[in-house]
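Dear colleague,

I am passing on a structure to you with this message, and I would be glad if you opened it before reading further.

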Amino acid sequence: MEKFRAVLDLHLKHHSALGYGLVTLLTAGGERIFSTVVFQCPCSAAWNLPYGLVFLLVPALALFLLGYVLSARTWRLITGCGCRARASCGSGLRGSLVCAQLSAAAALAPLTWVAVALLGGAFYECAASGSAVLAQRLCLDRDHNCAAELPLVPCHEAKASDVQDLLKDLKSQSQVLGWILIAAVIIVLLIFTCVSRCLSPVSFLQLKFWKIYLEQEQQILKSKATEHATELAKENVKCFFEGSHPKECNTPSVKEWQQISSLYTFNQKDPYYSMLHKYVNRKEKTHSIRSTEGDTVIPVLGFVDSSSINSTPGL
């Protein structure tokens, strides 16, 4: 039991890092399965380039869009925007910043796919062998039929030995590009993390406390919502069968749900820990949590909007 609790605590404390690690492993594993089982280079001058690029880029695009779909911030941002103007839709620089953060998070899986595919080399070898531009560079000082036989190289069907040896060059180019991409992603991620941490309006320990608070708030919210929804459902079913009038049940209004579903903005004067926290406190003062002067989107606080009832373990 103690070991299970230790594993559960580890998951709660590092669920974001574990989630990113799992996505990376699944993406890398999926790429290896595709390259060894599904992928078959046609070895045709007309089809090599489009076929290789489709396997290299289309799955990456699909993973990028999937990253948007699985992000709680995406649905916080767009839910209800098509019907009416809302604070959660964002405006100007704030909306652009949120979209940039969503794109950066969604890019993890596709970049992993492209990097692993380049290190494997199969997709690049097929695509590059069908490129007329690369053929001119690779076939300098080689057999006069080099350009015509280059598309056959991935299938080991080139007749000239010096042309078939180009497969090693293509694989080397692919792996070099893969390592360059990995290095670039690591450097950009490190710079972004350092800059966002340096610009953090709160201290390191307060960030830790903040994340603990959000976990507890979401757990309690889910428990209370389940309890309230159950009571409301029981009352409605009871009245339906008995033909009686329902007793009053205080449920938050549409406007109240909208306000706590808005994207989080930080204000130095009132550093609330969530939109629910902000709603409860500002309601006593102004009966509204509309954006006020000083409300800004802070990249390091993006985890506030990532909290979701569905992704939080139940009590």
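Predicted model: local features only at pLDDT ≥ 70, side-chain atom pairs only at ≥ 80, totals over all residues.

The crossing in which α3 passes α7 is left-handed. On the α3 side the contact includes Leu-49, Leu-53 and Phe-55, which meet residues of α7, among them Phe-123 and Cys-126; the residues of this contact divide into 8 nonpolar, 3 polar and no charged.

The count of disulfides comes to 3. One of them joins Cys-41 to Cys-126, with an S to S distance of 2.1 Å. Because Cys-41 lies in the loop between α2 (15-38) and α3, while Cys-126 lies in helix α7, this pair ties together parts that are 85 residues apart in sequence. Both Cys-41 and Cys-126 are buried.

A disulfide also joins Cys-43 to Cys-155, with 1.6 Å from S to S, and with 100° about the S-S bond this link is right-handed. Cys-43 counts as buried at 10% relative accessibility, whereas Cys-155, with a relative accessible area of 29%, is partly exposed.

Cys-139 and Cys-146 form a disulfide with sulfur atoms 2.1 Å apart, and their link, with -70° about the S-S bond, is left-handed. Cys-198, by contrast, is in no disulfide, since the nearest cysteine sulfur, that of Cys-194, is 6.4 Å away and a disulfide needs the sulfur atoms within 2.5 Å.

Definitions and conventions:
Residues numbered from 1 in each chain as written. Heavy atoms only, no water. Left-handed = near helix turned anticlockwise from the far one by under 90°. Helix = DSSP H or I, 4+ residues; strand = E, 2+ residues; numbered from the N terminus. Contact = heavy atoms within 4.5 Å. Nonpolar A, V, L, I, M, F, W, Y, C, P; charged D, E, K, R; others polar. Buried < 20%, exposed > 50% of the residue type's maximum accessible area, 1.4 Å probe, protein only.
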